[in-house]
Amino acid sequence: MTTYIAPTLEMRFVLNELAGLDTVNTLPGYEEATPDLVDAVLEEAARLASEVLAPLNKTGDAEGSKLIDSKVVAPEGFADAYREFVEGGWAGLSMNPEFDGQGLPGLVSTAVDEMWNAANLSFSLCPLLTTGAVEALATHADDDLKQTYLAKMVTGEWTGTMNLTESQAGSDLAAVRTKAVPDGDHYRITGQKIFITWGDHELTENIVHLVLARLPDAPAGVKGISLFLVPKYLVNEDGSLGEHNDVHAVSLEHKLGVHASPTCVMSFGDRGGAVGYLIGEPNKGLACMFTMMNHARLGVGMQGVAIAERSLQAAVAYARDRVQGSVPGKQGRVTIIHHPDVRRMLMLMRAQTEAMRAVAYLTAAALDHSHHAPDADERAGFLTRVDLLTPVVKAWSTEVAQEVTTLGVQVHGGMGYVEETGCAQYFRDGRIITIYEGTTGIQANDLVGRKIIRDGGQGMRGLLADIEAFESQLDAAGEVCVAIKAALIEGRVALARGSDWLLQTYANDMYAPGAVAVNLLMLMGTVVGGWQMGRAALVAHDKLQRNEGDATFYQSKLTTARFYAEHVMPRAAAYLAAVLAGSESIMALDDEYF
Amino acid sequence: MKILVCVKRVVDYNVKARPKADGSGVETANVKMSMNPFDEIAVEESVRLKEAGTADEIVAVSMGVAQCQETLRTALAMGVDRGILIETDAELQPLAVAKLIKAVIEKEKPQLVLLGKQAIDDDANQTGQMFAAFLGWSQGTFASKLTVAGESVEVAREVDAGTEILSLQLPAVITTDLRLNEPRYVKLPNIMKAKKKPLDKLTPEELGVDVSPRLTVLKVTEPAQREAGIKVANAAELVGKLKNEAQVI
Amino acid sequence: MSALVVAEHLDNKLNPATLAAITAAQALGTGVDVLVAGLDCGAVAEAVAVVDGVNKVLRAESEAYAHPLAEDIAPLIVQLAPSYSHVLAPATTTGKNIMPRVAALLDVAQISDIIGVESPDTFLRPIYAGNVIATVRSSDPIKVITVRGTAFAAASSHGGSADVETVDTTESTGLSSFVRADFTASDRPELTSAEIVVSGGRGMGNTDNFKLLEEIADKLGAAIGASRAAVDAGFVPNDYQVGQTGKVVAPKLYIAVGISGAIQHLAGMKDSQIIVAINKDEEAPIFQVADYGIVGDLFEVLPQLSAELDKLKS
């Protein structure tokens, strides 16, 4: 088993050189986030991640959460780790100081979240869901609810959950049946929700459930869904906890991975109806829920980066240690890191992980600008970019994470299929991330429908123009960067063609958007990733020229960017070809012939 | 009482130290640096003394290159009240460090000075004893427990034979060993607050201290590598080898 | 000029580390005098007088030296030092406590933990927990040195016939006082002085499983250690830690159980005379420094080892 060491050097590089921490920390409210402060935050978070969270990853997997006497019991050590996490003030890192948050940029919390997720994905799901719930409450709830619940959730003293799914309502929330009936100043909620992550536990004294339900007179479909706050324990006027609300975890799912994270079936109203409070306007629950989901989508994209990094670290450590076979030019038996094909796998893991990290951090920085930029047009511009990139960060990063964690197993050979090395766990744990918070298919539909077609491709053209404007900078930066440029141009042109094709075709072929969406999304991820790798290469080249900093680090940046250009960017052409093939062969086969 | 705690910036314990190619020293460029773990124990103890009401102010001092500020900030984030950096690019050996600390003590007048028993880079284990000597103060090295009572402090020392308990007249110098405490994880809000805590800068010249080295490092090398031995099949064979071949049991 | 070695003793017995320091002093090519300071320390002075190669024994008798308090012993050494080119002491907790104080009072550097003498002013000493060896030259008129006992052979404790000379003593400073010692608290030897150390790593799995090690340690009269990973995992307290951030040990026999052999752990034990590793991972780095390795499940090997040790006794 390997330990997790947060890649702080790499993180600082991405924060400072690619994501633009130096402009984020000029935004009003973010002035405190100077590079030295961010360094200190990263170092301490790294310590907590590797010393407290990472050691519980494997034991948590083996033990799993259990339902005992109607209570969910987390694996040994999780309660102490969670207490350490909350006492350390980590839960509220990027949250509003008004509610005891630390008010750091989302960019910084993105880097820190990467550490938590890489150290222990199961653990990190709990704060991830809480953060989503906090965002939804902060944006939509009335002051009374905020006063009662928000501060405790910001500090992590209480956790939050998202209760959306029902057995008949998965990706299709229109089918939600849970009922909410007015009862004085509150509502009575009845129904059953499934797949509720950290739906119950004893880590904190209270849990705040956000629940989608229908009012008695609600219209059918998604326009009739409202969002309710349902606390596990009712909260008295004075803030003390009252009786247990009518909500319970009734069973836990047996899953492929993230065993330590309890996935609950939650039953509301077995004894007459759980007390709930309406968040925002009646029947506007979906909008509130999207607030949660958007945050969570970037968060899950980050999990893709995190699990890929963890898998990479394990694979590199194993490849350095494992002696097997021999290679030309080396005497005797060698460690497998000397074998070309093992190196190919490690480079694929490394290059794609770095590309995903850069895109995720870049998007987080854009999100900070979209909230905090002083100028409204500027905010709108950044918001367009965030909207465009969010489904890519979510779906592309999590899909590539599948490839990376699979390679992680492959590098280990037979030992990879055996649990003790840990890489099988990363593979299993990571399998959920393309599914929850909107599957890859849902993300791709969001990209083509809401983000490309709806604005007639304007946001996409802005992105393509930015990439094109960057390309020429690579000319003067040496041979490697020129080669990277050639690959980037090809990729960018492919993305433009794919996107144009979609805009020209969707009106005539109703199946086209859905049929090409995932390939277009993967094409976009690959190219945007290549753009960031190109930017990294340019910075590295300049640093090497000026003899600044760690030459080994920058040299490997250059090499990794070159590898990405040579071995990953060619995939853009393949994705484009699939896009251009359209929907015909996808839709042609009659249902019954499947 | 006022406590002075001394912190050193060293190559992180997770990093394998390697001699530079020319053998002139150990590679420290672009290597992860952090607070000497024994000093971290000293900082923790000082913060606990303040939390217990024994101390009312804690000042941390570090010396060396500008980046030692980061180490001081860590101490501030752990609960130290203010920091002093004695900034110099010169190589500092324990004797010079002790003279600098003595000068700081004369300015700050603490009743108790805490620092790690040694730094994990040069492993000298000298500095605390040296400035205690300069000041004519008592010293409690290798401390595993300390109790302040009036004008004295009782120190349990981890010595080779076990534990030795001494009573030291204040002011005193205490060097800390592993058993004393387990340093806390730094809390995020405290990292933020640490940024606003005062951090003064001084130079050896301002303190009037000559820091010229007395020892010249002629070269550094890697130690001879141990050869891997043999694998034995089972416990019986092992005990046989240990008894008859190695003759250690 | 000759070298002065500060003898270390307890309960009228000379600490053998002093004999290694005498050997180091002899390597300087000068005569060797030995200081025996204490209360009723005649027997120790007599024992030192017959150590091979000692020219003269300086005996300092005073209530102030009843316990080797640095504040009180250092002034005595400082008083004697000007007649010597080198002052050496064993690099024990006592020597490390006193000698820097001596060096400071003489305004000279102190050279810690030497493992080799290149010339009268040039020495080898480990830094970075022994991961690196530095060769250092002192420009001071008096070299104040502590000597790592395991790096020098012990001088023969007989064959010499030195004179014992009584020297003037210094006053007690009253800065510190001895309260009590707790040298027999554990049935097991201290980690740093034990001849055999049995250490467990993360592979031990939990606190309870360390009992398996205790059983082995009791049979061998060994101390128990642990890797940082085992400490961080909460299996055992911090003071069990062997490594760069823990104790550096060099016993006759070191048995590493379920320890993979992280750099920082190796730094703390690789100078052991014989290293045994028990680990189920054949590729674990610990095997690269182990003299004897068993590849296997420690939960099977330890009970077998325990049984074999019983057989040995009977």
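**Entry 1: where chains B and C touch**

I began with the contact between chains C and B, which takes 80 residues from chain C and 69 residues from chain B. Two residues are in contact here if their C-beta atoms, placed from the backbone, lie within 7 Å. On the side of chain C that touches chain B, the largest share is nine residues from helix α4 (residues 93–106) of chain C. Helices (H or I, at least four residues) and strands (E, at least two) are DSSP runs, numbered from the N terminus. I then sorted that side of chain C by class and found 39 nonpolar, 27 polar and 14 charged residues. Nonpolar covers Ala, Val, Leu, Ile, Met, Phe, Trp, Tyr, Cys and Pro; charged covers Asp, Glu, Lys and Arg; the others, Gly among them, are polar.

**Entry 2: a note on the source**

I am reading a predicted model, where local features need pLDDT of at least 70, side-chain atom pairs count only at pLDDT 80 or more, and totals for chains, interfaces and linings use all residues. Residues are numbered from 1 along each chain as its sequence is written, while chains are lettered from A and ligands numbered from 1 in the order in which they are written.

**Entry 3: strands across the chains**

I looked up strand β12 (residues 215–221) of chain B and found six bridges to strand β10 (residues 132–138) of chain C, with the two running antiparallel. Strands pair if DSSP finds at least two bridges between them. In this pairing, B:Val220 stands opposite C:Ala134.

**Entry 4: chain B by itself**

I counted seven helices and 13 strands in chain B. Its C-alpha trace spans about 65 × 45 × 40 Å along the principal axes. Of the 249 residues in chain B, 51% are buried. A residue is buried if 20 or more other C-beta atoms lie within 10 Å of its own, exposed if 12 or fewer, and partly exposed in between, with C-beta atoms placed from the backbone.

**Entry 5: one alanine in chain A**

I picked A:Ala540, in helix α16 (residues 512–545) of chain A. A:Ala540 counts as buried because 26 other C-beta atoms lie within 10 Å. Leaving aside neighbours within four places in sequence, A:Ala540 is in contact with A:Tyr554, A:Lys557 and A:Leu558.

**Entry 6: confidence**

I checked pLDDT, the predictor's confidence in each residue, from 0 to 100. Chain A has a mean of 95, with 100% of its residues at 70 or more. Chain C averages 92, and 99% of the residues score at least 70. For the complex, the predictor gives an ipTM of 0.92 and a pTM of 0.85.
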